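Welcome! Here is a short report to read alongside the model.

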2 protein chains.
Amino acid sequence: MTTHDAVKAAPIPAFHLYDTTLRDGSQQEGLTLSVADKLAVARHLDELGMTYIEGGWPGAVPRDTEFFARAAGELELHHARLAAFGATRKAGVAVEEDLQVAALVDSGAPTITLVAKSDLRHVTGALRTTGEENLAMVRETVEHLVGLGREVFVDAEHFFDGFVHDADYTTSVLVAAQEAGARVLVLCDTNGGMLPHQVTEIIEDLGSRLEAAGVGEARLGAHMHNDTGCAVANTLAAVRAGITHVQGCVNGYGERTGNADLVTLMANLQLKMGLELLSAETLGETTRIAHAIGEIVNMPVAARAPYAGASAFAHKAGLHASAIRVDPDLYQHTDPLLVGNDMRMIISDMAGRASIELKGRELGFDLAGEPELLSRLAAAVKQREAVGYSYEAADASFELLLLDALGQVPSYSTVESWRATSQLGRDGTLESEATVKLLADGEGEHERKVAIAEGNGPVNALDLALRAALRERHPEVDEFELRDFKVRILDAHHGTDATTRVLVRTSGRGLEFQTVGVGPNVIEASWEAIYDAYTYGLFKSGV
Amino acid sequence: MTTHDAVKAAPIPAFHLYDTTLRDGSQQEGLTLSVADKLAVARHLDELGMTYIEGGWPGAVPRDTEFFARAAGELELHHARLAAFGATRKAGVAVEEDLQVAALVDSGAPTITLVAKSDLRHVTGALRTTGEENLAMVRETVEHLVGLGREVFVDAEHFFDGFVHDADYTTSVLVAAQEAGARVLVLCDTNGGMLPHQVTEIIEDLGSRLEAAGVGEARLGAHMHNDTGCAVANTLAAVRAGITHVQGCVNGYGERTGNADLVTLMANLQLKMGLELLSAETLGETTRIAHAIGEIVNMPVAARAPYAGASAFAHKAGLHASAIRVDPDLYQHTDPLLVGNDMRMIISDMAGRASIELKGRELGFDLAGEPELLSRLAAAVKQREAVGYSYEAADASFELLLLDALGQVPSYSTVESWRATSQLGRDGTLESEATVKLLADGEGEHERKVAIAEGNGPVNALDLALRAALRERHPEVDEFELRDFKVRILDAHHGTDATTRVLVRTSGRGLEFQTVGVGPNVIEASWEAIYDAYTYGLFKSGV
């Protein structure tokens, strides 16, 4: 692991950004990562400028043991250090004989983060042991691992609740860890119930106690959860109280309400609190990387997520749109480009002509001198949105609507009919097929095309049949691929009888764009979105 | 509006919870409310214990003008006061002649909240007028409305940024509003860029300035946005600095990153900071009401939302599950029942036997003495989740899996075949139909049933055909209704070729339950979820 050796030799950074997406983050409901996913996420975290990447709990979680084994040969980190998470030795077991501690060593990770009980009630109630034995567990496990050349951090579990319950005992756990050689003592709000002012008070109190115990030089860290909606704020309060190591998860993943969102934290610390943690270039890649990780774990970045969310800098109200034309800084708390995001105008029935004009400009159309067109377009958008269309995430469909208002909408075929069927046969086989009949346009004439295709499902079959029907006249269709397919039932409380909206993302010929379709069922809605996608793709191909 | 008169006569509460979902919240990307939706949401907000409900911007937004008109006759509020939002008079226009101000009066709302520019740069740059004229606009509009018997609040737009830029001017705007008779001066972080410690410093500074200006008794409010992930924390900091009026939106709706989440705020203020804002009974309805509002606006409560989210108290890690069996308070920051939520065990491949045993207990099965069964069930869950099933939101399907492991799974038919078709005919008509062929079980014998149904789409048609096939033997099927239908493409980046998961919520005979289906396309996945739903419904009917 030469990369690790090189990083180990480098000076310890003054401030640690520590990501635990691959361990704590994985405890989020609905989040399941394969080893390949974990390796891919780790590479992105490295790219994001993380100081530490907590890779998992080897020995306790089989997939994590495998991750560390494969990371040794496959994971090339250029910046971050890999950390393995685990527990202090079991009560009553010698550290040299504790199998899980051995697994931590075997993982090969240069940094090991040990979770230690620091709330006396957990020591006696959950671990069923004594306060003294727990201190020995901490001391001995840290000494053992430091002796083997590992950098050791200690996560003081339930630190804040424990400190409120019995500050002396909780402090003694930290002192034991520090004296045994731990490099960072991480204060964890495991249940997530803290508020920022409480964090400040407790850390200040702790500071005096550590001084008094002769370990005032101890380096502290913070690990917050979002149960009171204050994970980020609690972490910032901790930083203002002197902490130099912050733990969290990119995109705020994590059990229950999640860990502190590291993307929000990074941006706040650097752009608002003046800490120089990352190069401007790296910070500028934040949004892209956050979304890439969201794709891998199949938990997309929330639209409303600060800094990186698709809506973070998207302005809807007609009111704001007028002001933004005057001066973008009047309505934005920071320049979105600093984090790689962008200001977006949202088309909606609230927007009015100012927003549509700005949107048109975004797409390359100068509509400034066309009030009548703008009104017509605004009315068209309003009417379509009333029946379920949403142009907010379907710029290509909006552009087609705009071209239609200009009398310039492209057309490559006239659809005659289509049919899609799915069936479970008597022999238990599942089949889907579709037929498409259309008149293909091109070079001033039509040609009737009839195509059939089988697919994984009715929508897939329709997609393939439509391609087949268009292919001869317009071979460019084969250069496009449908990448993403989102289905939204708009009035779900009507059960299977509801209006459906489908968003399709297509890429090809260097482009990437989204189209929308609406219908009483997913087949019809998908047909519309797919048909628009090929129309747009062919149009942009200059056909 | 007798209800309003009665509420008007009541003493002004010591602390205001002010919801702006129907105005500021509606600016969230993707959120569109009909007037009927707004009235329904208003009723729920009243039920939630809100002190004020900001209904919209009459005169500027047609739908809002209609809302207030209809509210007069249709909206019966038992607790909350209705507020209309609008702007100070236009520059250079006499307040009596300003049409939008007149619309505010015409709305009939007893409380009017005026947005006033308080950042000098916005006054000159966006409004294109002078600081003096702006003060006159504030003064005259407030006086005018107070003179007409309205309770007037003033939202100081861009207050914090304005204060940092020119504290004297920004303060003078507040002083003018207070002297003109405004009841609350709301400090708005319109761009959302503040951090909690900055909020504290600014409000403390403002306090001294207001004292010096002779209006130290002014009542202050806070209106925060979540652009730095600190909306809730900023609001709490403001409360600790003396604010007694907090604005936000239920479920954190709002433009860009959203407004402060009122649900999180309410729970924090009452359960963590000891403010007695609501009765315990009302607070206990919070989760239910938050979700009900989420359904109406079709923006469901985020799973990770503090207090009310489905995952807020859901424990996944096998580690925690063991401890929770010992003492729930060891791992929860508060009792979920206080906000009407519940502790949930999440079935997942991380959980292990402890979680499944607890889950089984939740469903009424005592599996404590059945280690072999638990292992088998855990393995079955793991294997199915690996191919896309998710039991986290499909308790009925999990129960069927459990019954299957016990050798007791119910069966009411044997499926022979089915087929679903959607087509666009030459004449432009869209049709969907399905056929289902099965052997219906009952009273020890089978009967072959062949049914056909037409529907709004292939899934709807299959649902109706399946009912038709089962109906004669099992008429109870007609007592169940499919209420909610969610489609999730699991590996969306494979385009139309992806694995699909469908979740169906069914209700009937006093029950409400969810089932899951997985398949290579939405038709097959839906079939499975629907078939399970009827199986479960008939089982629970005692058939």
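The sections below cover the basis of the model, its symmetry, a sheet and a helix.

## Basis

This is a predicted model, in which local features need pLDDT of at least 70, side-chain atom pairs count only at pLDDT 80 or more, and totals for chains, interfaces and linings use all residues. Residues are numbered from 1 along each chain as its sequence is written, chains are lettered from A and ligands numbered from 1 in the order in which they are written, and side-chain values use heavy atoms, with hydrogens and water left out.

## Symmetry

Chain A is superposed on chain B by a rotation of 180° with 0.1 Å of shift along its axis, at an RMSD of 0.2 Å (least squares on the C-alpha atoms of residues with pLDDT of at least 70 in both). That is the relation of a two-fold axis. The residue of chain A that comes closest to the rotation axis is Thr421(A), its C-alpha at 2.0 Å.

Because 99% of the interface residues of chain A are also interface residues in chain B, the copies meet through the same surface.

## A sheet in chain A

Three strands of chain A form an open antiparallel sheet, in the order S14-S15-S16 (strands are DSSP runs of E, at least two residues, numbered from the N terminus; two of them pair if DSSP finds at least two bridges between them). S14 (481–489) and S16 (511–519) are the edge strands, each pairing on one side only.

S14(A) and S15 (residues 500–508) pair over 8 bridges, and Val487(A) stands opposite Val502(A) in S15(A).

## A helix in chain A

Helix H13 (residues 286–296) of chain A has several buried residues, among them Ile289(A), Ala290(A) and Ile293(A) (buried means under 20% relative accessible area, with a 1.4 Å probe and protein chains only; helices are DSSP runs of H or I, at least four residues). Their cover includes helices H2 (35–47), H11 (262–272) and H12 (280–283) of chain A.

Note on methods:
Contact means heavy atoms within 4.5 Å. Buried means under 20% relative accessible area, exposed over 50%, partly exposed in between (1.4 Å probe, protein chains only).
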